[in-house]
Amino acid sequence: MNAVKPANYTKAKAQQLYKTLYSAAKENPKRRFHALYDKVHRPDILWEAWRRVKANGGSGGVDGVTIDHIVKEYGEGRFIFEIGCDLVNGEYHPMPARRKEIPKGEGKFRPLGIPAIRDRVVQMATKMVIEPIFEADFQDFSYGFRPGRSQHQALRHIRRAVKKGIYWVVDIDIQGYFDNICHDKLMKLIEQRISDRRILKLIRKWLKAGFVKDDQFYETELGSPQGGVISPLLSNIYLNYLDSIWQKKFAEVGTLVRYADDLVILCKTKEQALKAIDVLKAVFGKLELQMNASKSKRINPAYLDIPSF
């Protein structure tokens with residue numbers, strides 16, 4: 001049985017939903033959204049989610065199902081229909097991610113979690129629904145994995161600050177950030193904006209889905225796997241706690257610029273730079289994160305290149 005693509009399906013409908021939710025969230029910063037799950041399994045949203053996943057490409061997950069197989073053999077309509085039915089009936093359960101190690105130099109590797117195509121579509125649909133709500137809360141100095149933002153914009157922000165008389169740069173690396181996000185604290189931050197229990201249950205399922213490496217299953221008690229469609233959004237929600245505190249209480253200490261888990265604070269004096277480090281350590285402590293001492297540094301941009309992301 002196939003799901004026929006809705007006659008009124010257009011990317012514009014998904015964009016309109018984004019604008020509506022963003023406006024509602026922006027208008028009331030304390031509003032908690034409770035009717036979201038029905039939008040995730042809307043046929044037009046699922047079809048748009050599938051279009052984006054297909055466009056992104058990539059290999060299959062632990063089930064071995066590939067995008068090419070769905071398109072040429074299984075059938076896109078059948079695939080979307082079955083996902084929709086599972087979501088409506090409460091029978092959707094994610095598979096563990098397929099773990100792949102990506103070399104990152106110096107003999108070290110970055111773990112990449114590759115969800116099944118089916119899970120990527122549901123994650124994309126969920127992301128499309130909840131992202132505008134959190135985008136309304138994110139700070140302007142956050143640039144990583146956000147719509148319409150880029151590394152180049154972050155670098156321009158840094159250069160503008162330096163030209164205004166910045167003499168000290170605190171360049172921070174968070175140790176194993178994606179692997180050390182505390183699930184309970186992340187969920188509490190999400191619950192500040194979302195009260196729909198079915199959405200919350202979906203997100204927790206992805207966090208707890210585990211991964212498979214060399215045919216061995218591993219549970220996940222911490223972290224949000226790099227490679228998951230929704231992981232970049234979850235990582236930004238987690239660090240927006242830092243962004244918000246900095247903006248409210250410590251903006252006079254220095255200018256914070258963040259790209260995902262890479263961040264710099266631009267200060268006018270050495271004393272401010274030292275205070276910035278103390279503040280970051282305190283906030284990281286509350287988030288159960290650690291600063292990577294070997295990669296984090298305090299530098300004078302007059303003598304060193306401006307740090308790049």
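The model is a predicted one, in which local features need pLDDT of at least 70 and side-chain atom pairs count only at pLDDT 80 or more, whereas totals for chains, interfaces and linings use all residues. Residues are numbered from 1 along each chain as its sequence is written, and side-chain values use heavy atoms, with hydrogens and water left out.

**Helix H9**

- The buried residues of H9 are Ile199, Leu200, Leu202, Ile203, Trp206 and Leu207.
- An α-helix has 3.6 residues a turn, so residues three or four places apart point the same way.
- Here "buried" stands for under 20% relative accessible area, "exposed" for over 50%, and "partly exposed" for values in between (1.4 Å probe, protein chains only).
- Helices (H or I, at least four residues) and strands (E, at least two) are DSSP runs, numbered from the N terminus.
- The cover over the buried residues of H9 includes helix H2 (37-40), H6, helix H8 (183-191) and helix H10 (231-250).
- At the N-terminal end, Asp196 caps H9, with a side-chain oxygen 3.0 Å from the backbone nitrogen of Arg198.

- Glu131 belongs to helix H6 (residues 117-135) and is buried, with a relative accessible area of 6%. Not counting residues up to four places away in sequence, Glu131 touches Tyr18, Pro147 and Leu233; contact means heavy atoms within 4.5 Å.
- Val129 is also placed in helix H6 and counts as buried, because its relative accessibility is 0%. Leaving aside residues up to four places away in sequence, Val129 touches Leu17, Leu21, Leu36, Lys39 and Val40.
- Val129 and Ile45 are 84 residues apart in sequence, and their C-alpha atoms are 8.7 Å apart in space.
- His157 lies in helix H7 (residues 151-163) and is buried, with a relative accessible area of 17%. Its contacts, not counting residues up to four places away in sequence, are Phe141, Tyr143, Thr255 and Val257.

**Helices H3 and H4**

- The axes of helix H3 (residues 43-56) and helix H4 (residues 67-74) come within 9 Å and cross at roughly 120 degrees. Axes are lines fitted to C-alpha atoms, for helices over the stretch in contact, and angles run from 0 to 180 degrees between N-to-C directions.
- H3 and H4 are therefore oblique to each other: angles under 35 degrees count as roughly parallel, over 145 as roughly antiparallel, 65 to 115 as roughly perpendicular, and the rest as oblique.
- Trp50, Val53 and Lys54 in H3 meet Ile67, Ile70 and Val71 in H4.

**Strands**

- Four strands form an open sheet in the order E2-E1-E4-E5, with mixed pairing; two strands pair if DSSP finds at least two bridges between them.
- Strand E2 (108-114) and strand E5 (216-218) are the edge strands, each pairing on one side only.
- Strand E1 (residues 97-105) pairs with E2 in the antiparallel sense over seven bridges, and Arg99 stands opposite Gly113 in E2.
- Strand E3 (residues 168-173) is largely enclosed by the rest of the structure, because five of its six residues are buried.
- E3 pairs with strand E7 (residues 262-267) in the antiparallel sense over six bridges, and Val169 stands opposite Leu266 in E7.

Conventions: Polar contact = N/O pair within 3.5 Å; in protein donor to acceptor, adjacent residues only side chain to side chain.
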